[in-house]
Amino acid sequence: MSRILVTGGTGYIGSHTVVELMQSGFDVVIVDNLSNSSIDVLDGIEAIVGKRPDFANIDCSDYVAMAELFDKYHDIEGVIHFAASKAVGESVEKPLLYYRNNIGSLICLLEVMKAHKVKNIVFSSSCTVYGQPDSAHLPVNEDAPIQKALSPYGNTKQINEEILADEAHADKGLHVILLRYFNPIGAHPSALIGELPNGVPQNLLPFVTQTAAGLRKQLRVFGNDYNTPDGSCIRDYIYVVDLAKAHVIAVRRQLEKKSSEQVEVFNLGTGKGLSVLEILNTFIKVTGVDVPYEIVGRREGDIEKVWADPKKANEVLGWKAETPTEDILLSAWKWQQKL
Ligand code: UD1
């Protein structure tokens, strides 16, 4: 079976993807510098799959260490590149760190791949590249215009997409799949892996589950005066396991050379927008646990509403996000209780 290198494979989306890859019969080697994840994640993966993935504690921007890894695992046929810093607020405070980490690591990875003749890469991108689409572009499909990034983090995603496209233009053997995620939430149904926020969660769902668990006093809902039915922001919340499965399909598509296009882009979302208050109320309803909250002012840089048109992924990849919101929220709660 083919071996896939997963950078950032002990992270949130990475770990769920490693599980799906291994369960589909792929051999995996994870590269992660554990800057925002724990080595214990390997135990969770092993408990689910019954086999421990190979792991190397390496920074993706360390060319020498990466080259040694590719020498050791000369059977690597494809790469999924998750490894990146991802806190929007921190990226505003420390832009150089974000540009160095997120861009430096991709450049190094592509150089090592080239030297080792590895020609397939799936890249972890984000709906953040669309900014706030105008109403004519909602739901957002892949042809919606890319807008100026609102943060250095968002800009690194845009720049990395461009680097990949430029390299594919120069190297006709390279195949790139850009996956633009909407808002990944939830945890593996086993509750053996899930999201491990570093410090105070910035994202909605970890804050909701920590508040439900009594770890936080109350949730702050950022704004109820948006131009949406209940006034709170709308996002497309996608189950992390559904998202992980899309990566397996993308990798197979590359290995089986199913596409003649060198660079393909797919939006990964459910196609359904939910407001902050809808998420909150559904969580309270399905778990039966109260979540104290207050409405506060808008969060700077927030987008009012965005949700995906996942038609291309549905039709071309034959992939669909199918898990009901209730089940996703329950998986997140089960994981929080485990923690
Ligand atoms: C954010 C980033 C996005 C990034 C993604 C990665 C911004 C503007 N966008 O997406 O670029 O790809 O994280 O995970 O930061 N909310 C609350 N209270 C909270 C937390 C969130 O009301 O305590 C609301 C937010 O205002 C937003 C929604 O919940 O309307 C979702 O927020 P979040 O989970 O942070 O995701 P995004 O902002 O969509």
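Me: Which atom of Arg235 lies 2.5 Å from an oxygen atom of the ligand?
Reply: A polar side-chain atom of Arg235 does. Keep in mind that this is a predicted model.

Me: OK, and what about Arg220, which of its atoms lies 2.7 Å from a nitrogen atom of the ligand?
Reply: For Arg220 it's a backbone N or O atom. Ser126 takes part with its side chain: a polar atom there lies 3.2 Å from an oxygen atom of the ligand.

Me: How much of the ligand's accessible area does the protein cover?
Reply: On its own the ligand has 740 Å² of accessible area, and the protein covers 86% of that.

Me: Which residues come nearest to the ligand?
Reply: There are 19 residues around the ligand, and Leu204, Arg220, Arg235, Arg299 and Asp302 come nearest.

Me: And which element gives the most to that shell?
Reply: That would be β8, with four residues.

Me: What follows α7?
Reply: Gly214 does, with a positive phi, near 85°.

Me: Switching topic: how many aromatic pairs are there?
Reply: The count comes to one. Phe283 and Trp333 form it, edge-to-face, with 5.8 Å centre to centre and 85° between the planes.

Me: Where do those two sit in the chain?
Reply: Phe283 is in helix α9 and Trp333 in helix α11, 50 residues apart, so the pair links distant parts of the chain. Both Phe283 and Trp333 are buried.

Me: Nice. Which charged residue sits over the ring of Phe207?
Reply: Arg216: its charged end is 6.0 Å from the centre of the Phe207 ring. Phe207 itself is one of the buried residues of α7.

Me: And what lies over the face of Phe266?
Reply: Lys312 does, at 4.7 Å from the ring centre.

Note on methods: Residues are numbered from 1 along each chain as its sequence is written. This is a predicted model: local features need pLDDT of at least 70, side-chain atom pairs count only at pLDDT 80 or more; totals for chains, interfaces and linings use all residues. Side-chain values use heavy atoms; hydrogens and water are left out. Buried means under 20% relative accessible area, exposed over 50%, partly exposed in between (1.4 Å probe, protein chains only). Rings of Phe, Tyr and Trp (its six-membered ring) pair if their centres lie within 6.5 Å; planes under 30 degrees apart count as stacked, over 60 as edge-to-face and the rest as tilted. A charge sits over a ring if NZ of Lys or CZ of Arg is within 6 Å of the ring centre and within 35 degrees of the ring normal. A residue is near a molecule or strand if one of its heavy atoms lies within 4 Å of it. A polar contact is a pair of N or O atoms within 3.5 Å; within protein, one must be able to donate a hydrogen and the other to accept it, and residues adjacent in sequence count only if both atoms are side-chain atoms. Accessible areas come from the Shrake-Rupley method with a 1.4 Å probe; for residues, only the protein chains shown count as cover.
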